[in-house]
Amino acid sequence: MGLFSSILGNIKDSKKESENEKLLNKIEKMDLGDLRLYVNGKLSEYKVSGYGLSEIVKKLIYINESTKHNYIQEDDMDSKKKKVFDLILLILKSKKINLYTVELIQKFLELYSGIIKEYDKQNKQIYEQKIKESMSIALDKINFRSDEVDRMRTLG
């Protein structure tokens with residue numbers, strides 16, 4: 001179940017629940033710089049995991065309870081938007097990405113479609129295209145890992 005659950009990403013493991021709770025509490029308090037450090041594996045006390053990556057994307061797409069706003073708004077500075085888009089690309093390149101995280105990133109694209117298009121137009125960027133291409137590559141990696149699990153089961 002370990003390999004299979006790492007591919008899907010949304011299967012609970014009772015041993016990891018307390019670790020996940022600590023990680024979730026930490027992620028809730030992180031700024032964009034800390035989130036980037038986590039995804040890059042530079043926070044020694046927290047190991048990069050599919051759970052952590054999905055919680056970061058959730059943080060970016062769900063409404064903040066205290067402000068009643070999404071993480072990024074139309075009137076946010078371009079530098080903040082760029083950091084968020086770069087963070088999404090970094091997550092998509094992670095070896096720990098799973099199907100659940102890719103689904104959340106699809107929701108991110110739907111939610112912020114207008115902001116991404118406007119940013120790309122104003123700054124002569126192609127973040128929308130980069131994110132979609134990176135999602136395709138991430139799905140290919142997940143499918144490859146899934147095929148490996150199937151082969152191991154067949155041989156096993």
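Angles run from 0 to 180 degrees between N-to-C directions, and axes are lines fitted to C-alpha atoms, for helices over the stretch in contact. The model is predicted, with local features requiring pLDDT of at least 70 and side-chain atom pairs pLDDT 80 or more, while totals for chains, interfaces and linings use all residues. Residues are numbered from 1 along each chain as its sequence is written, and side-chain values use heavy atoms, without hydrogens or water.

The protein contains eight helices and zero strands, taken as DSSP runs (H or I, at least four residues, for helices; E, at least two, for strands) numbered from the N terminus. Of its 156 residues, 37% are buried, that is, under 20% relative accessible area with a 1.4 Å probe and protein chains only.

The axes of α4 (residues 50-61) and α5 (residues 78-93) come within 11 Å and cross at roughly 155°; the two helices are therefore roughly antiparallel. Contact (heavy atoms within 4.5 Å) is made by Leu53, Ile56, Val57 and Leu60 of α4 with Val84, Leu87, Ile88 and Ile91 of α5. An α-helix has 3.6 residues a turn, so residues three or four places apart point the same way.

Buried residues of α5 include Val84, Leu87, Ile88 and Ile91, as well as Lys81 and Phe85. The 16 residues of α5 should span 22 Å at 1.5 Å a residue, which agrees with the 23 Å between its end C-alpha atoms; the expected span is 1.5 Å times one less than the number of residues.

Terms used. Parallel < 35°, antiparallel > 145°, perpendicular 65-115°, else oblique. Buried < 20%, exposed > 50% of the residue type's maximum accessible area, 1.4 Å probe, protein only.
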